[in-house]
Amino acid sequence: MTPAVGPRPFPPDEPDCELCAAARFTHWYAISDEGWVADCEVCSVPMAVWWRHGPEPSDEVIDRLLALLTAAANQRFGATAWAVDREMRQVPDHFHAHARDNGWWEKRWSRPMSRYTGVGGDRIEAEP
Ligand SMILES: [Zn+2]
Ligand SMILES: [Zn+2]
């Protein structure tokens, strides 16, 4: 299935960067002029990503992206404890942050991946 292509504020800065590409396979929680929040395809937890290719947005942009991430994580995890992880392991040169619940590392293989059904709305898990 080809991922749906929706509005983005500008074309990818870096054609070879997967975060710039912003392919829509998993659930997308939110989108703004500054970035987007979707389930990470590796970790299966919400991840906020800046539209721009670069490691360090302004503090104001970071605050707003983390606010979108917080809303997504509260919706996803409810009362379960979670924390923001700003370590950028796989793509160190493009700002992103994960919201990780306790035990995400052990759970990541057994969790069904969500699938893209449009931005916001219900989070639908893919068929096994
Ligand atoms: Zn991840
Ligand atoms: Zn990038």
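The legends below describe close-up views of a predicted model, in which local features need pLDDT of at least 70, side-chain atom pairs count only at pLDDT 80 or more, and totals for chains, interfaces and linings use all residues. Residues are numbered from 1 along each chain as its sequence is written.

**View 1. The open sheet of five strands.** The strands, which like the helices are DSSP runs numbered from the N terminus (strands E, at least two residues; helices H or I, at least four), follow the order S1-S2-S3-S5-S4 with antiparallel pairing, where two strands pair if DSSP finds at least two bridges between them. S1 and strand S4 (82-85) are the edge strands, each pairing on one side only. Neighbouring strands of this sheet are turned by 15° against each other on average, direction ignored, with axes taken as lines fitted to C-alpha atoms, for helices over the stretch in contact, and angles running from 0 to 180 degrees between N-to-C directions.

**View 2. The hairpin of S1 and S2.** Three residues lie between S1 and S2 in this hairpin, and three bridges join the two antiparallel strands. Ala30 stands opposite Val37 in S2.

View 3. H2 lies across S1, S2, S3, S4 and S5, and runs at about 160° to S3. Its end C-alpha atoms are 26 Å apart, which agrees with the 27 Å that its 19 residues should span at 1.5 Å a residue, the expected span being 1.5 Å times one less than the number of residues. Leu65, Leu69, Ala72 and Ala73 of H2 are buried, meaning that 20 or more other C-beta atoms lie within 10 Å of their own, whereas 12 or fewer make a residue exposed and counts in between partly exposed, with C-beta atoms placed from the backbone. These four cover an arc of only 100° around the axis, which puts them on the same side of H2; the arc is that of the directions from the helix axis to the C-beta atoms. The face turned away from this buried side carries the exposed residues Asp59, Glu60 and Asp63.

**View 4. The largest nonpolar core.** This core, a set of buried Ala, Val, Leu, Ile, Met, Phe, Trp, Tyr and Cys residues joined through C-beta atoms within 7 Å, has 21 residues, and Val37, Met47, Ala48 and Leu69 have the most contacts inside it. Elements giving two or more residues to the core include strand S3 (46-50), helix H2 (59-77) and strand S5 (96-101).

Technical notes
Chains lettered and ligands numbered in written order. Contact = placed C-beta atoms within 7 Å.
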